[in-house]
Amino acid sequence: MNFDDILKEFEASKRPGYNEDELRAEDVRRLLDAWVKERTVPELLPYEQELIDRILIRIRKQIELIELNSIELQTHEREIKLRLVVIESELDRVQFIIRSYTRTRLQKIDKYSLYIRSSDKETAKLSNNEFAYMERHLELLLELYNSQFMKNLPESLQAIDETGGGVSMIDEPDLDRPVFVRATAENVVEVDDEEIELTKDGIYVVRYRAVKDLVETGDVRVL
Amino acid sequence: MSSDLSRYRTVSRTQAGGREPICGRSMMCSGGRCDFSSGTSRRTGLVSTYCLGDKKSRGEQIPLWLATLLKKQEKCNIVVPEWLSVEYLRVRYDEEIKYPSKFSNLPWHWLPIAKKLLDYASDDFIDPPHEIRSLLQDLREVRLVKARKGIRELNHVYIQLDGLSLMEINEMRPFILEVMDQLRKMNDSLKVKAEEETPRQAAAQMDRDDESDDDIYQKE
Amino acid sequence: MYGDLAHKLALEAKRTQSLDKLPLYQDTLVRAIVREIRDLQKEADVLTEHASQDDDRVNQAQLFVCHLCMRRNKRCLLAYQRLRAERLDELVWANNEISKEQMDNLSPQEQEYLKKYNDLVSEFKGPLEKIDLGGTLEPPEDVFIDVRVLKDAGEIQTEYGVFNLTKDSQFFVRQADVERLIQQGYLKKL
Amino acid sequence: MSYYDIDDILADSQPGSPIKENVRLELPIWLAEILAICSISNSSDYEENDQDRETTFLKLLEPEFFSPVFLNFIKSDALRLNLNPYMFYYRIVTKWSNMFGDAELVELISKALVDRACELNDLSFKLNDHFRGSNLEFMNNLDSYEKQLFKNSHKSYKNLKIWWLKKPN
């Protein structure tokens with residue numbers, strides 16, 4: 001099998017039309033977007049289930065394709081490898097983004113688990129896999145605390161989710177943390193009784209809470 | 001070593017060092033135009049799809065990462081964007097000097113695009129690459145001075161930094177966010193006082209110690 | 001004074017933050033703090049019993065201080081243990097072999113936790129195996145690189161075939177496949 | 001602010017200076033804080049406007065670093081202020097203000113913070129100048145937040161410089 005054969009076979013395997021191509025490119029753009037947002041905002045955002053599922057299927061296909069073709073490649077000629085190099089490079093990038101996206105979410109889930117599980121709205125942001133992870137991780141932590149010292153404390157001190165009398169034991173995302181944003185439309189937001197006029201393409205540093213809704217509608221993009 | 005792909009990967013990729021530091025963010029996609037000098041690369045099925053030119057010298061828009069990859073393999077020439085010319089950059093530099101409190105209008109990703117193209121496609125530049133490089137350096141410096149002057153204006157409400165590009169934002173990001181966060185924390189502490197629960201409620205809460213009920217995580 | 005031991009534990013936690021390896025688990029200190037809390041609780045119980053007159057402000061103040069000290073101690077214990085648990089989590093994600101020296105610094109309970117968290121992470125990775133979640137969090141560089149062999153390393157098998165790594169030969173290989181060999185000095189990136 | 005935040009726990013250990021039944025005592029903030037803002041439960045008998053009655057467990061004295069002398073010094077030369085001994089100065093300001101809502105203090109310290117942060121930014125930009133001469137003195141006068149800020153800012157500038165100058169492989 002030579003390089004041209006691989007190409008032909010490969011092209012034949014995917015020709016459902018332009019729309020499908022557009023969709024794929026659009027999906028990768030959306031993934032980048034979700035990734036940047038998740039890394040930038042203080043709170044956990046809803047898991048992009050369908051998007052990630054679609055991309056995972058494509059990744060699996062690509063990996064199969066590489067496996068299938070690379071077995072034939074015993075020579076070190078670069079010409080032959082080029083296409084696979086391109087495919088692998090892109091794969092590497094997309095895998096990195098999903099990895100970083102997922103790990104960023106896990107960090108937030110670990111930090112805010114008690115807060116997340118206290119509200120249906122927050123819990124709904126998790127994938128099934130993430131939810132199972134959160135519950136089990138919390139269980140393991142409690143087991144550790146208990147076996148290490150907690151079981152020997154007076155009963156009244158054994159809770160780990162008290163919110164009154166001093167610093168709350170439940171960590172919540174700090175929505176007042178500042179973020180960098182770019183406005184894509186004109187809007188007015190209010191911070192501490194001060195009105196801020198957002199002009200199109202203006203770049204601002206402002207507390208997340210003030211622009212949270214606009215980030216959702218897309219009038220403001222976090223950077 | 002195992003031939004099982006997924007397992008092999010997990011083992012072999014656990015340790016990776018010496019990557020390009022991109023200040024926490026990386027630029028993952030940005031268009032560059034690309035001419036193919038050889039017909040070997042064609043339509044490539046990727047996780048997303050890019051159509052690579054079949055014919056010689058046909059221009060195609062492809063992402064920068066792909067363009068530099070092909071360029072490294074000597075499979076294409078890159079059409080360097082217009083703004084990467086001595087003339088354009090000189091005008092911008094003059095503007096930076098003329099308006100000390102405004103950033104001139106440069107592409108959102110001007111630094112990494114310029115860097116990638118100078119690194120991997122310097123032979124595709126029309127103007128001498130070293131001249132472009134030094135102009136870029138001048139621009140970068142004059143803008144950095146402005147940005148650093150701007151931080152005098154930091155306060156707890158907001159600041160506006162129109163015209164700053166993403167990489168320049170990344171460079172200042174940790175500093176600006178941390179200072180603003182501290183400022184707003186101090187300022188917000190005034191609000192806490194204003195709306196605080198009355199001291200007696202707090203005291204009452206302390207005394208309720210013994211009845212921490214409805215608590216799923218209380219262990220036997 | 002009450003709270004001094006807990007302060008010591010907090011300082012130990014602070015020190016831990018700046019160390020690469022987890023230092024020895026402070027078993028004695030943790031136990032002493034637990035004991036202090038129980039003593040405080042006894043004191044509080046006695047004070048509650050004797051709080052017959054409503055207006056006994058001294059009694060009230062003492063009771064209050066007892067509760068505050070207990071809470072403070074608890075916070076320090078939890079913060080210390082949580083910090084260590086987070087570091088254990090990182091060890092699991094780093095997916096490197098954990099040295100015996102490091103293992104010896106953990107309490108038996110922590111070793112148990114480490115094992116179970118490791119299982120949990122494997123479970124979580126399952127559905128996302130194609131992503132290699134334990135992989136690097138640095139943005140990708142070149143996937144393929146040119147390498148020169150510095151010392152004989154025998155045969156390696158990759159998806160791109162078998163490479164016979166004899167001294168001074170050159171290969172165009174996937175970086176991830178040879179990362180270890182580069183670190184070990186067998187190969188040099190060109 | 002997080003329950004598990006080690007720095008916050010340590011900041012709470014800094015001494016405050018309360019008086020109790022007219023006796024001066026040094027207590028850590030975590031203890032003094034609540035005692036100072038919590039009233040004693042039977043104090044409800046007192047009239048609301050009966051300001052003279054002592055209704056909290058203790059009263060906090062203004063710590064030395066909020067004294068008029070200290071604040072005047074901040075006003076005149078924030079850059080020469082030595083915050084190093086206070087470890088968590090800005091956190092403590094925040095805690096103090098949480099209790100007593102001192103707007104004037106917050107404004108003054110905010111201004112000082114910006115002045116100092118700008119100086120610190122300059123030094124973090126110049127890659128090798130910060131441990132020389134008067135810079136050294138300034139660097140030694142930072143509190144723990146400022147030190148971290150310097151490190152992060154320095155790292156960011158440095159990373160970008162290295163990236164820009166890095167030769168392609």
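Is B:Glu74 exposed or buried, going by its C-beta neighbours inside 10 Å? B:Glu74 counts as exposed because it has 10 C-beta neighbours inside 10 Å. The scale works on C-beta atoms placed from the backbone: a residue is buried if 20 or more others lie within 10 Å of its own, exposed if 12 or fewer, and partly exposed in between.

This is a predicted model, in which local features need pLDDT of at least 70 and side-chain atom pairs count only at pLDDT 80 or more, while totals for chains, interfaces and linings use all residues. Residues are numbered from 1 along each chain as its sequence is written, and chains are lettered from A and ligands numbered from 1 in the order in which they are written.

Stay with B:Glu74 for its backbone. Its phi is positive, about 60°, although B:Glu74 is not a glycine. Most residues other than glycine have a negative phi. B:Glu74 sits in the loop between α2 (64–72) and β5 (76–79) of chain B. Helices (H or I, at least four residues) and strands (E, at least two) are DSSP runs, numbered from the N terminus.

A:Asp192 is not a glycine, yet its phi is positive, near 50°. It lies in the loop between β2 (187–191) and β3 (194–198) of chain A. A:Asp192 has 15 C-beta neighbours inside 10 Å, so it counts as partly exposed.

Now the whole of chain B. It holds seven helices and six strands. Along the sequence they follow the pattern α-β-β-β-β-α-β-α-α-α-β-α-α. Chain B has 220 residues, and 34% of them count as buried. Take its contacts with a separation of 6 or more: 70% of them join residues 24 or more positions apart. Two residues are in contact if their C-beta atoms, placed from the backbone, lie within 7 Å.

One sheet takes strands from chains A and B. Its four strands form an open sheet in the order β5(A)-β1(A)-β4(A)-β6(B), with antiparallel pairing. Strands pair if DSSP finds at least two bridges between them. The edge strands are β5 (220–222) of chain A and β6 (158–160) of chain B, each pairing on one side only. From one strand to the next, the twist averages 30°. Within the sheet, five bridges join β1 (residues 178–183) of chain A to β4 (residues 203–207) of chain A, and these strands run antiparallel. A:Phe180 has A:Val205 in β4(A) as its bridge partner. Helix α7 (residues 208–217) of chain A lies across β1, β4 and β5 of chain A, at about 115° to β4(A). Axes are lines fitted to C-alpha atoms, for helices over the stretch in contact, and angles run from 0 to 180 degrees between N-to-C directions.

Chain C has a sheet of its own strands. Three of them form an open sheet in the order β4-β1-β5, paired antiparallel. Its edge strands, β4 (170–174) and β5 (187–189) of chain C, each pair on one side only. Here the twist averages 40° from one strand to the next. Three bridges join β1 (residues 144–149) of chain C to β5(C), antiparallel. In β5(C), C:Lys189 stands opposite C:Val147. Helix α6 (residues 175–183) of chain C packs on the sheet and touches β1, β4 and β5 of chain C. The direction of α6 makes about 120° with that of β4(C).

Elsewhere in chain C, two helices pack together. Helix α1 (residues 4–17) and helix α2 (residues 27–50) of chain C meet at an angle of about 145°, with axes 9 Å apart. C:Leu5, C:Ala6, C:Lys8 and C:Leu9 in α1(C) meet C:Leu29, C:Ala32, C:Ile33 and C:Glu36 in α2(C). The residues of this contact divide into six nonpolar, no polar and two charged. Ala, Val, Leu, Ile, Met, Phe, Trp, Tyr, Cys and Pro count as nonpolar, Asp, Glu, Lys and Arg as charged, and the others, Gly among them, as polar.

Finally, chain D. Its contact with chain C takes 14 residues from chain D and 21 residues from chain C. On the chain D side, α1 and α2 are the elements that give two or more residues. The largest share, four residues, comes from α2(D). That side divides into twelve nonpolar, two polar and no charged residues.
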